[in-house]
Amino acid sequence: MKARQIRTDVHWIGAIDWDRRLFDALIPLPDGTSYNAYLVRGSQKIALIDTVDPSMTHVLMGYLQDVPAIDYVIVNHAEQDHSGSIPRVLEKYPDAKVVTTPKGKELLMALLLIPEDRFITVNDGETLSLGNKALEFIHAPWVHWPETMLTYSREDKILFPCDLFGSHLATTDLYASNEGQIHEAAKRYFAEIMMPFRTSIEKHLERLNNYKIDIIAPSHGPMYDRPSFIIEAYRSWVSGPPKNIVVLPYISMHGSTQRMVEYFVGALVDRGVTVKQFNLAASDIGKLAMALVDAATLVIGTPTVLVGPHPNVAHAAFLANALRPRLQFISIIGSYGWGGKAVEQLTAMVPNLKAEVLAPVIGKGFPGEQDFRALDNLAGTIAAKHEERGFV
Ligand code: FEO
């Protein structure tokens with residue numbers, strides 16, 4: 001593929017990874033991803049903004065075959081899917097300098113063993129002249145690492161935010177033409193990567209109000225030539241109110257918890273509450289993470305295994321705790337045979353969820369009338385609390 005022009009002397013030179021199915025050995029990538037790099041040619045200097053995953057260095061070097069000089073390698077983020085090809089770029093261009101934040105320098109020296117004399121560090125708000133174009137650097141810590149910065153091209157009004165606003169989506173579309181599809185992919189990306197950093201991101205979004213942005217060019221997925229689409233979506237995910245939704249991840253081994261889940265879902269729906277149910281034996285955890293973005297309540301369903309929750313349920317609870325969604329209420333339903341501490345252990349696993357714990361419903365063996373009445377009560381409590389708070 002040839003370099004693709006965005007503006008005069010600004011080109012996309014990314015790598016589309018159609019086949020990747022797992023990121024960080026954790027996150028499912030049903031639609032692949034891309035690693036977007038950008039080349040900005042000024043009248044005096046040339047800058048490369050971010051690189052690509054080391055598995056696709058050859059793709060980047062193909063674009064650079066006929067580029068005689070690169071003066072600056074701008075590193076917005078040190079994670080290897082963007083930085084991993086820097087050593088090869090520096091080898092080809094021995095005079096090129098790596099431009100990044102002081103924290104970025106520290107991380108790149110540790111992760112990629114880049115020599116100290118190859119760096120120029122930049123302060124928040126500092127600009128770098130390329131001649132007829134200037135790049136401004138906006139420090140944006142905790143998006144999602146501490147070293148992150150965003151790069152803004154003043155003349156072209158393009159924001160290069162690296163991971164922020166990205167989506168794991170392999171596509172040859174340069175821009176987000178199918179906004180429904182991109183909304184889904186970007187929300188999944190937000191849930192998996194950005195959700196724990198909502199507070200930091202909210203501040204960075206406010207700051208971006210000061211910039212005139214015509215194009216957002218992230219380092220995963222297509223670019224946005226209608227930036228308000230993704231900025232408004234982020235605003236709602238970061239600071240909008242939760243919705244009248246219960247997320248219900250569960251496991252059942254012999255059918256008791258399954259029957260409780262089925263009954264409970266019906267009881268919630270009868271009371272006007274939307275439910276997103278995930279059987280953890282076969283669920284995509286990315287979909288679970290995405291559901292947590294908007295939900296007001298999490299109810300975890302588990303049988304008892306070796307006196308505790310099922311390990312798959314413990315995994316989901318660990319993830320929910322780490323992702324820090326804006327949940328307001330949590331509870332647990334499930335079953336046991338001869339005793340156990342599933343409720344105590346699960347509750348102790350979610351200290352980051354600053355949510356009110358509603359009385360769990362744990363039944364002995366297969367559920368009976370008493371269990372169903374308890375599930376009705378829990379469903380009624382949730383519906384009433386959602387209504388009191390005005391969640392719609
Ligand atoms: Fe796409 Fe945080 O790396």
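This is a predicted model: local features need pLDDT of at least 70, side-chain atom pairs count only at pLDDT 80 or more; totals for chains, interfaces and linings use all residues.
Modeller: Residues are numbered from 1 along each chain as its sequence is written, and side-chain values use heavy atoms, with hydrogens and water left out.

Biologist: How many helices and strands are there in the chain?

Modeller: Helices (H or I, at least four residues) and strands (E, at least two) are DSSP runs, numbered from the N terminus. On that basis the chain has twelve helices and 24 strands.

Biologist: What percentage of the residues of the chain count as buried?

Modeller: A residue is buried under 20% relative accessible area, exposed over 50%, and partly exposed in between, with a 1.4 Å probe and protein chains only. The chain has 392 residues, and the buried part of them is 57%.

Biologist: Are helix 5 and helix 9 roughly parallel or roughly perpendicular to each other?

Modeller: Axes are lines fitted to C-alpha atoms, for helices over the stretch in contact, and angles run from 0 to 180 degrees between N-to-C directions. The axes of helix 5 (residues 179-194) and helix 9 (residues 285-294) come within 8 Å and cross at roughly 85 degrees. Angles under 35 degrees count as roughly parallel, over 145 as roughly antiparallel, 65 to 115 as roughly perpendicular and the rest as oblique. The two helices are therefore roughly perpendicular.

Biologist: Is Lys385 buried or exposed?

Modeller: Lys385 lies in helix 12 (residues 369-389). Leaving out residues up to four places away in sequence, Lys385 touches Phe329, Glu356 and Leu358. Because its relative accessibility is 19%, Lys385 counts as buried.

Biologist: How many Å apart in space are Lys385 and Thr297?

Modeller: In sequence, 88 residues separate Lys385 and Thr297. Taken C-alpha to C-alpha, their separation in space is 9.9 Å.

Biologist: Which elements do the buried residues of helix 4 pack against?

Modeller: Helix 4 (residues 102-112) has as its buried residues Gly104, Lys105, Leu107, Leu108 and Leu112. Those residues pack against helix 2 (80-83), helix 3 (86-92), strand 10 (97-100) and strand 11 (119-121).

Biologist: Which residue with positive phi follows helix 4?

Modeller: The phi in question is near 60 degrees. The residue after helix 4 is Leu113.

Key: Contact means heavy atoms within 4.5 Å.
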